[in-house]
Amino acid sequence: MTIPYPTQPSPMAFPAVRPPSGAPRPRLAFLGTGYLGATYAICFAELGYEVLGFDVDEVKIAKLAAGQVPFHEAGLDELLRANLASGRLRFTTSYAEVADFADVHFICVGTPQRADGMGADLTYVETSVSNLAKHLSRRALIVGKSTVPVGTAEWVEQLVAKHTDPALEVEVAWSPEFLQEGFAVEDVLRPNRIVVGVKTDWANGMLYAAHKGVFDLAATEDREVPLVVTDFATAELVKVAANAFLATKISFINAMAEVCEVAGGDVTQLSKAIGYDPRIGNRFLQAGVGFGGGCLPKDIRAFQARAQELGAGEALRFLHEVDLVNQRRRTRVIQLATELLGRLPGPAGPDLAGTRVAVLGAAFKPNSDDVRDSPSLAIAATLAKAGADVRVYDPQGMANARLAMPALHYEESMSAAVTGADLVCVLTEWAEFRNADPVTLGELAGARRVIDGRNCLDATLWARAGWEYRGMGRPNPSV
Ligand code: UDX
């Protein structure tokens, strides 16, 4: 049986609410202009809303106000400049200005992993909500977007009650985001769903008005955007459940890669074959060095920590295995490198002294400059710790990689990194690496050995060009 998605909401289904500012459409503020908040602020201005972006970081705000996006995201620079020029988009570091301007305040601050455990650090949520609430002088809606442990929305409501006059009737709602780096503009303008956790008709109506631009765009393109209106807890859980599912899917195929490695199978064909079943689907089924980034790893850990606190730790125990499978893929690259370089594993790890290794890729995935919890960079660091002379190159992630791991040696091009290398490791599947000519690279390398950490190279082509090739969960093509 197919369960139908809800259809695009009809405006009739929502209470008509008037923005407290008196403006015809709600004015929107996005607090926290990191990856999430900046992208949302820019895209909602593009949809026609009047928008104010806020951050405590003056340097970031100055950059955005001058038309520079502080991170790499396709298409965002042009949209930022166009919407600054239109006058619909502004940036500030003043809570008072935000409180005075907006009807709907989206909280988009970071919720990193706590330094002392697996849970999420909610300091930034607390600071932004408390400071905003103190400055409010009329009714407003505060909407959480950051990924948080279930129960946070209720706590935010208490914070708001503590810092505002009850006569103002300031309300709270929760609306998770599902942005993928590299596709973030599309994900905001054309989301595959909108989820809102609300307690009142007023909050529901206000959030509908704040998203009407998204529904209107969809209508002009003959699309529908499903809307799920639910309670606080479900809205908060939707986000972590989605990320836990994606992480599990990736670790599932990586576990299959482990089995293929000992059984002599090829996980790329296995993945293709099971992915044809529409109940399984072929997306997020690429075996390789595993998942990284600012979301999946920290979200599955915070989810487990929260479930444990709530007495449902057992329900998410499998996520610990998901994490372990993911970490083991990084170790697998070190094993393969040791083997290919003819070294012995050794009780204290391999000794790779005297070898030179090119690491192609530093970002956690292609089309991003984000190196947070990047498998590529973690593997590069382990290889260097084992004594190898590691040369790292990434098309976009070099500046962030240098900041995160200053001790590594960076090269300005793929050719420079590969020149003289005894081993080449392709760890992020940038098009530049996927399309590289193995014959040309073979002439530069000291020895033709390659580890394809993302199964993104044509193994036969590389083997034909004289490379000793090793993929992840794939048989050795020369055998
Ligand atoms: C993720 C979610 O996809 C997004 O919905 C959420 O809002 C934030 O977290 P993102 O962190 O941008 O987005 O990365 P994503 O595209 O999900 O990839 C995560 C990691 O998984 C990357 O390191 C990627 O290389 C890896 N991956 C992805 C695989 O190893 N195999 C796959 O098949 C897919």
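Which helix gives the most to the shell around the ligand? Helix α9 (residues 232-263) does, with four residues. Helices (H or I, at least four residues) and strands (E, at least two) are DSSP runs, numbered from the N terminus. The model is predicted: local features need pLDDT of at least 70, side-chain atom pairs count only at pLDDT 80 or more, and totals for chains, interfaces and linings use all residues. Residues are numbered from 1 along each chain as its sequence is written, and side-chain values use heavy atoms, with hydrogens and water left out.

The ligand is surrounded by 20 residues, each with a heavy atom within 4 Å of it. The closest are L179, E181, Q286, F364 and K365. By class, the shell holds ten nonpolar, five polar and five charged residues. Here Ala, Val, Leu, Ile, Met, Phe, Trp, Tyr, Cys and Pro count as nonpolar, Asp, Glu, Lys and Arg as charged, and the others, Gly among them, as polar.

Polar contacts are pairs of N or O atoms within 3.5 Å; within protein, one must be able to donate a hydrogen and the other to accept it, and residues adjacent in sequence count only if both atoms are side-chain atoms. A polar backbone atom of E181 is 2.8 Å from an oxygen atom of the ligand. For Q286, a backbone N or O atom lies 2.8 Å from a ligand oxygen. R454 uses its side chain: an N or O atom there is 3.0 Å from an oxygen atom of the ligand. Taken alone, the ligand exposes 670 Å², and the protein buries 92% of that. Areas come from the Shrake-Rupley method with a 1.4 Å probe.

An open sheet is formed by six strands in the order β11-β10-β9-β12-β13-β14, with parallel pairing. Two strands pair if DSSP finds at least two bridges between them. At the edges stand β11 (409-410) and β14 (468-471), each with a single partner strand, so one side of each has no neighbour in the sheet. Helix α12 (residues 317-340) packs on the sheet and touches β12, β13 (449-452) and β14. Contact means heavy atoms within 4.5 Å. The direction of α12 makes about 165 degrees with that of β13. Axes are lines fitted to C-alpha atoms, for helices over the stretch in contact, and angles run from 0 to 180 degrees between N-to-C directions.

Strand β9 (residues 356-360) is joined to β12 (residues 423-426) by four bridges. V359 stands opposite C425 in β12. Three bridges join β12 to β13, where D452 is the bridge partner of V426. Four bridges link β13 to β14; V450 has Y469 in β14 as its bridge partner.
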